[in-house]
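Hi,

Here is the structure I promised to pass on. Have a look at it first, and then read my notes below.

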Amino acid sequence: MTDYRLIEGKLSIEGAKVGIAVARFNAFVVESLLAGALDTLRRGGVDVADITVVRVPGAFELPLVLDKMAASGDYDGLIALGAVIRGSTTHYEAVADGCNKGLAQVSLEHSLPVINAVLTTENIEQAIERAGSKAGNKGSEAGGVLIEMINVVRQL
Ligand code: INI
């Protein structure tokens, strides 16, 4: 069965312009996500000069910045990096929900890949596990997912 038309994305790319929005909150975790994303993008063929990093206070602020970046038309794809950790704060739900919904909205309204690498965890240990230890690095994963998605979207 090879007679269907298959569209899929390669895992390396040329000439891609990438925007990354990074939350400062829980910086000790988020900086590892950024390092992972930059490393994967570079190894996948993205020129470091074609990457723009914008820093914002917290995860709640990520969608607005990415909306502006998407509207500029300057980027082939975007990544959101942050860590929302429940701990003892009830603010958690509002921040996580607002961020997730906002990111999905930016992606669909601008028809642009927006990769959500904002960790939402119960505690700091789980966040550390996902930022370069036991459970991998979600920032690195986001870099690979973005390259694949830009390649898919370029064919649609
Ligand atoms: N922002 C985060 O990025 N992570 C969190 O865990 C977090 N908590 O727990 O409150 C958080 N809050 C700040 C929020 O993102 C906004 O910066 C703030 O509400 C101002 O709009």
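Strand 3 (residues 77-85) and strand 4 run parallel to each other, and their pairing extends over 8 bridges. This is a predicted model, by the way, so please read everything below with that in mind. If you want a spot to start from, go to Leu78: it sits opposite Val114 in strand 4. Strand 4 itself covers residues 114-121 and is mostly covered, with 6 of its 8 residues buried.

Zooming out, these strands belong to an open sheet of 4 strands, ordered 2-1-3-4 and paired in parallel. Its edges are strand 2 (51-56) and strand 4, each of which pairs on one side only. From one strand to the next the twist averages 15°. Helix 1 (residues 27-43) packs on this sheet and touches strand 1 (18-23), strand 2, strand 3 and strand 4. The direction of helix 1 makes about 155° with that of strand 3.

Next, the loop between strand 4 and helix 4 (124-129). Glu122 has its place there. Which residues does Glu122 contact, once neighbours within four places in sequence are set aside? They are Ile85, Arg86 and Gly87, and Ile85 is also the residue where strand 3 ends. Val48 is another matter: Glu122 and Val48 are 74 residues apart in sequence, and their C-alpha atoms are 34 Å apart in space.

Last, something on the surface. Val145, Met149, Val153 and Leu156 form a nonpolar patch there, and together they have about 350 Å² of accessible area. Leu156 lies in the segment that follows helix 5 (138-153). Why does Leu156 count as exposed? Because its relative accessibility is 73%, and the cut-off for exposed is over 50%.

That's what I have for now. Send me your thoughts whenever you get to it.

Cheers

Technical notes: Residues are numbered from 1 along each chain as its sequence is written. This is a predicted model: local features need pLDDT of at least 70, side-chain atom pairs count only at pLDDT 80 or more; totals for chains, interfaces and linings use all residues. Side-chain values use heavy atoms; hydrogens and water are left out. Buried means under 20% relative accessible area, exposed over 50%, partly exposed in between (1.4 Å probe, protein chains only). Helices (H or I, at least four residues) and strands (E, at least two) are DSSP runs, numbered from the N terminus. Two strands pair if DSSP finds at least two bridges between them. Axes are lines fitted to C-alpha atoms, for helices over the stretch in contact, and angles run from 0 to 180 degrees between N-to-C directions. Contact means heavy atoms within 4.5 Å. Patches are made of residues with over 30% relative accessible area and no salt bridge: like charges are joined within 9 Å, nonpolar side chains (Val, Leu, Ile, Met, Phe, Trp, Tyr) within 5 Å. Accessible areas come from the Shrake-Rupley method with a 1.4 Å probe; for residues, only the protein chains shown count as cover. A salt bridge is a side-chain nitrogen of Lys or Arg within 4 Å of a carboxyl oxygen of Asp or Glu.
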